Amino acid sequence: MRSFGTPPLDPRGAVPKDLMDRAMAALDIHHRKLPLRDRMYLVDFKKFSGDERLYEVDLIAGEVKVLRTCHGRGSDPDHSGYARRFSNTPDSNMSSIGAYATAGASWGKQQGPNVLLDGLEYTNDKARERAIIVHGADYADPDFLAREGKLGRSYGCFSVAHTDLPELRERMGEGRLLFAWA
């Protein structure tokens with residue numbers, strides 16, 4: 001609960017109210033797996049892939065930083081730039097929605113530096129099995145967006161620009177909410 005004298009949350013209204021409300025509820029529902037409540041990360045898959053739709057919400061200062069992130073190729077088979085379908089099924093190449101707990105910085109053979117995620121709901125509880133992570137990708141970089149007019153698609157991961165990954169990776173850490181909705 002925010003106390004008197006605390007700055008307002010998202011004073012510029014960057015995050016859709018419904019998304020913010022759902023994320024705040026998820027913080028309470030999954031409080032045992034989300035011990036860190038200084039920041040949370042929200043993804044609005046209703047938005048076009050070329051738009052900023054990954055929100056870092058500072059729950060203390062109230063400020064919001066906005067970045068771009070990709071969705072899975074199975075969620076957008078026509079590559080329209082809009083995610084339309086979601087799945088938790090292995091090899092679906094689709095994005096999954098719901099609450100995740102960040103599980104810390106890691107490094108993988110294929111994607112290099114990344115942030116591990118643990119799905120907390122039936123819609124994403126196979127995130128580890130599916131290797132759904134936050135990682136940098138060429139198809140999420142600004143030059144790809146400028147050339148193609150939209151971001152590329154992942155295999156279900158939250159891919160971000162290579163330049164955004166180092167700070168994001170450090171700040172996400174372990175035990176914070178990442179909440180994706182559509």
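**View 1. The two sides of helix α4.** On one side of α4, Pro166 and Glu170 are exposed (over 50% relative accessible area; buried is under 20%, partly exposed in between; 1.4 Å probe, protein chains only). In this helix, residues 165-172, Leu165, Leu168 and Met172 are buried. These three span an arc of only 70 degrees around the axis, which puts them on the same side of α4; the arc is taken from the directions from the helix axis to the C-beta atoms. Helices (H or I, at least four residues) and strands (E, at least two) are DSSP runs, numbered from the N terminus. The model is predicted: local features need pLDDT of at least 70, side-chain atom pairs count only at pLDDT 80 or more, and totals for chains, interfaces and linings use all residues. Residues are numbered from 1 along each chain as its sequence is written, and side-chain values use heavy atoms, without hydrogens and water.

**View 2. Arg176 in strand β8.** Arg176 lies in β8, residues 174-181. Arg176 is buried, with a relative accessible area of 8%. Its side chain reaches the backbone oxygen of Met172 at 3.0 Å. Arg176 touches residues including Asp38, Tyr41, Tyr100 and Arg171, not counting residues up to four places away in sequence (contact: heavy atoms within 4.5 Å).

**View 3. The open sheet.** Eight strands run in the order β3-β2-β1-β8-β4-β5-β6-β7, with mixed pairing (two strands pair if DSSP finds at least two bridges between them). β3 (64-67) and β7 (158-160) stand at the edges, each with a single partner strand, so one side of each has no neighbour in the sheet. β1 (residues 39-44) and β8 pair in the parallel sense over five bridges. Tyr41 stands opposite Leu178 in β8.

**View 4. The aromatic cluster.** Phe45, Phe86, Tyr100 and Phe158 form one aromatic cluster. Rings of Phe, Tyr and Trp (its six-membered ring) pair if their centres lie within 6.5 Å; planes under 30 degrees apart count as stacked, over 60 as edge-to-face and the rest as tilted. The count comes to four aromatic pairs. The rings of Phe45 and Phe86 have centres 5.7 Å apart and planes at 35 degrees, so this pair is tilted. Phe45 is buried, at a relative accessible area of 1%; Phe86 is partly exposed, at 26%. Tyr100 and Phe158 are edge-to-face, 5.5 Å centre to centre with 90 degrees between the planes. Tyr100 is in strand β4 and Phe158 in strand β7, 58 residues apart.

Notes:
A polar contact is a pair of N or O atoms within 3.5 Å; within protein, one must be able to donate a hydrogen and the other to accept it, and residues adjacent in sequence count only if both atoms are side-chain atoms.
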